[in-house]
Amino acid sequence: MREHLVFVTGRLAKARLEKIAQGLPPERFNWTIADAGVKVAALMTEEIIRRRVTMPEGATRVILPGRCRADPVALSAHFGLPVERGPDEIVDLPVFLGLAGRNVDLSRHDVRIFSEIVDASRLTPEEILGRAKDLARRGADVIDLGGLPDTPFPHLGDTVRLLKSEGLRVSVDSFSAEELRQGAAAGADFLLSLNEETLDLAFETDAVPVLVPLRPEDLPSLDRAIDRMQRAGRPFIADPILEPIHFGFAASLVRYHETRRRHPDIAMMMGTGNLTELTEADSLGVTALLMGVCSELSIGNVLIVQVSNHTRRTVEEHDAARRVMYAAKADAALPKGYGRALLALHDKRPYTQTPDEIAALAAEVRDPNYRVAVAQDGVHIYNRDLHKVGHDAMAFFPDLGVEADGAHAFYLGGELTKAELAWRLGKRYVQDEALDWGCALDAEVEDTTRFKAPGHTRQSGKP
């Protein structure tokens, strides 16, 4: 049975929407465009839609513009039909309707994030707790307390007990067997990192040990530790050790692959910090690649660290990557088409309008309000009196006539600079909206049923 979709829109977007709708497969969809009688679809209110839109016979679903601030639930009750908010951009409508890409569920993952506090021994328990709560908020599942060589950690036990009392899972990472014992006695869930020479400690406690080779290249020593734990029927996690680039990185990847080949069913860990911290590259791409390796090899634990400024979002990056990789693996698909959380600098489809489409919109404008848009040919700014295209935000200023309006000049300077940045990087630009930096920044949470507060978007001057 074909769906009959009703697309509610405004006058300026109607022609573009009709063009997209004409490309929908007729065997799946009938469609009707309902013009709500306003110029800009985003300015439609719930009351306007109630009064001005009527449903055609046979309608099965109503699609609102993504930026429409009406309540879909209330409108659904009014029309007696399912009402939902569609995509922000018309060009994304086919994806929204399931005609391109796939339905994306990023709520699940199968990787546990251990987030290390490397200088825990230098902090008070209260300071550690504050940092631990922040890491958990960002996506960490286990708080790893890192001990420093030749640095006493007398408050380790108190710290573990404090974190546990707050419902946090805790691991202790130390070269000191005594510190590991103290952490385990205080209730630590995991101990990092034991080898075949220190493995006796694993039998003194219920904490799960993370096993490592005696030396990174000594994989047989890890095999022996694994074998001992398996014969004892005790839980463990194996970490073959990821090495930095030019210091054994490629060989360490081989070790991870070989460990999985030899032990198909064991729990494994990868410490990603030797790549993210020790490679001066944007860490998001490095993290995505490593989490892809973890996904292929079913490595269900990662130990991450944030020391360098360029890895300040490493928890969020690992959290986003584990969800994308899980979804792609479940679909037996490439990690493409699963949202843009892993795209910080560029967008796959940066331009939502062509230069000709912007020119057509500009020709319809009858007011002095400036609109800003970005297309492949550059930044566009237009109102009823002008339409300029350029690449330099500041070069527009002499043509805008806002010399006497400081607030508006300030607004346009900021907005045009944002548009120039989007054009140069190949990112999506939407006037009055922040650029989307993926998981590199926290997304703003907004009430989609309310309009934003007004800003200085109109050219002032004589009334």
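**Exercise 1. State the strand order of the open three-stranded sheet and find its edges.**

Solution. The order is 13-14-15, and the pairing is antiparallel. Strands are DSSP runs of E, at least two residues, and helices are runs of H or I, at least four, numbered from the N terminus. Two strands pair if DSSP finds at least two bridges between them. Strand 13 (371-375) and strand 15 (387-390) pair on one side only, which makes them the edge strands. On average, neighbouring strands are turned by 20 degrees against each other, direction ignored. Axes here are lines fitted to C-alpha atoms, for helices over the stretch in contact; angles run from 0 to 180 degrees between N-to-C directions.

The model is predicted: local features need pLDDT of at least 70, side-chain atom pairs count only at pLDDT 80 or more, and totals for chains, interfaces and linings use all residues. Residues are numbered from 1 along each chain as its sequence is written, and side-chain values use heavy atoms, without hydrogens and water.

**Exercise 2. Describe the pairing of strand 14 with strand 15, then place the helices that pack on the sheet.**

Solution. Strand 14 (residues 378-382) and strand 15 share four antiparallel bridges. Val-379 has Gly-390 of strand 15 as its bridge partner. Helix 13 (residues 355-364) touches strand 13, strand 14 and strand 15, and its direction makes about 10 degrees with that of strand 14. Contact means heavy atoms within 4.5 Å. Helix 14 (residues 406-425) touches strand 13 and strand 14, at about 150 degrees to strand 14.

**Exercise 3. Classify the aromatic pair found in the whole structure.**

Solution. The search finds one pair. Ring centres of Phe, Tyr and Trp (its six-membered ring) must lie within 6.5 Å; planes under 30 degrees apart are stacked, over 60 edge-to-face, the rest tilted. Phe-114 and Phe-190 have centres 4.9 Å apart and planes at 70 degrees, so the pair is edge-to-face. Phe-114 lies in strand 5 (residues 112-117) and Phe-190 in strand 8 (residues 190-194), so the pair ties together parts 76 residues apart in sequence. Phe-114 is buried at 0% relative accessibility. Buried means under 20% relative accessible area, exposed over 50%, partly exposed in between (1.4 Å probe, protein chains only). Phe-190 is buried too, at 3%.

**Exercise 4. Locate the buried residues of helix 7 and name what covers them.**

Solution. In helix 7 (residues 177-185), Glu-179, Leu-180, Gly-183 and Ala-184 are buried. They cover an arc of only 135 degrees around the axis, so they lie on the same side of helix 7. The arc is that of the directions from the helix axis to the C-beta atoms. The cover includes helix 6 (156-165), strand 7 (169-173) and strand 8.
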